[in-house]
Amino acid sequence: MIQKYIPSRRVRPSRTAAARPAGSSLYRPKRVRAGGTPPKPRKKRGPSRDTAVAAAPPVAPELSEKQRRHLRGLAHELKPLIRLGNAGLTEVVAAETARALHDHELIKVKGPGGDREARDALFTDLALRTASALVHRIGNVAVLYRPSATLQRIMIPD
């Protein structure tokens, strides 16, 4: 029978305290600069997204019927992100809607029940304040669209 050559194992340093000098650790010591290490500098925050959105609101896009149909199909599966309460349309709600449009481009808004004309006026006023297009409205749910100024995520047909 032929025996295979098996290379011998490398000899490891002993982990016992007798093999190490007194006061030394098993691991390499941590390198420390004289005087300690300074803390990492914090990044300065630029202008917040809310002020950037409020500073230069884009113009509301004009949509053809084919584009509206396409956006209605995309919005069908969405849940309402903005819910309008009894207080109606306030500056805070308009700012939050503008932020949501900046992040998502296409959102659903749920308004209060009741008078149809008041609800229609509420949705058109919200679309004007946020410089978005009112894609469509069914009952007390409206769909708003505003393309992103930097990177459009939703491609709509011509």
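Which strands does helix H3 lie across? The views below, taken from a predicted model, start there.

**View 1. Helix H3 on the sheet.** H3 lies across E1, E2 and E4. Follow the helix direction and compare it with E1: H3 runs at about 165° to that strand.

**View 2. The open sheet, strand by strand.** Here you can trace 4 strands in the order E1-E2-E4-E3, which form an open sheet with mixed pairing. Strand E1 (80–83) and E3 are the edge strands, each pairing on one side only. On average, neighbouring strands of this sheet are turned by 30° against each other, direction ignored. Helix H2 also packs on the sheet, where it touches E2, E3 and E4. The direction of H2 makes about 60° with that of E3.

**View 3. The hairpin of E3 and E4.** Zooming in on strand E3 (residues 133–138), you will find it paired with E4 in the antiparallel sense, over 5 bridges. Histidine 136 stands opposite valine 143 in E4. The two strands form a hairpin with 2 residues between them. In the turn sits glycine 139, whose phi is positive, at about 60°.

**View 4. The largest nonpolar core.** This core has 15 residues. Those with the most contacts inside it are Ile82, Leu84, Leu89, Ile107, Val109 and Leu144. Two or more residues each come from helix H3 (91–104), strand E2 (106–110), helix H4 (116–129) and strand E4 (141–145). A second, separate core has 9 residues, including Leu71, Leu106, Val135 and Val143. In soluble globular proteins, nonpolar side chains tend to be buried together.

**View 5. The surroundings of leucine 84.** Which residues does leucine 84 touch, not counting residues up to four places away in sequence? They are Val93, Val109, Lys110, Gly111, Pro112, Leu122 and Phe123. Leu84 and Val109 are both among the residues with the most contacts inside the largest nonpolar core.

**View 6. Glutamine 67 in helix H2.** Our last stop is in helix H2 (residues 65–75), where glutamine 67 is found. Is this residue buried or exposed? Glutamine 67 counts as buried because its relative accessibility is 11%, and the cut-off for buried is under 20%. Leaving aside residues up to four places away in sequence, glutamine 67 touches Glu62, Ile156, Pro157 and Asp158.

Methods: Residues numbered from 1 in each chain as written. Predicted model: local features only at pLDDT ≥ 70, side-chain atom pairs only at ≥ 80, totals over all residues. Heavy atoms only, no water. Core = buried A, V, L, I, M, F, W, Y, C linked by side-chain atoms within 4.5 Å. Buried < 20%, exposed > 50% of the residue type's maximum accessible area, 1.4 Å probe, protein only. Contact = heavy atoms within 4.5 Å. Pairing = 2+ DSSP bridges. Axes fitted to C-alpha atoms, helices over the stretch in contact; angles between N-to-C directions.
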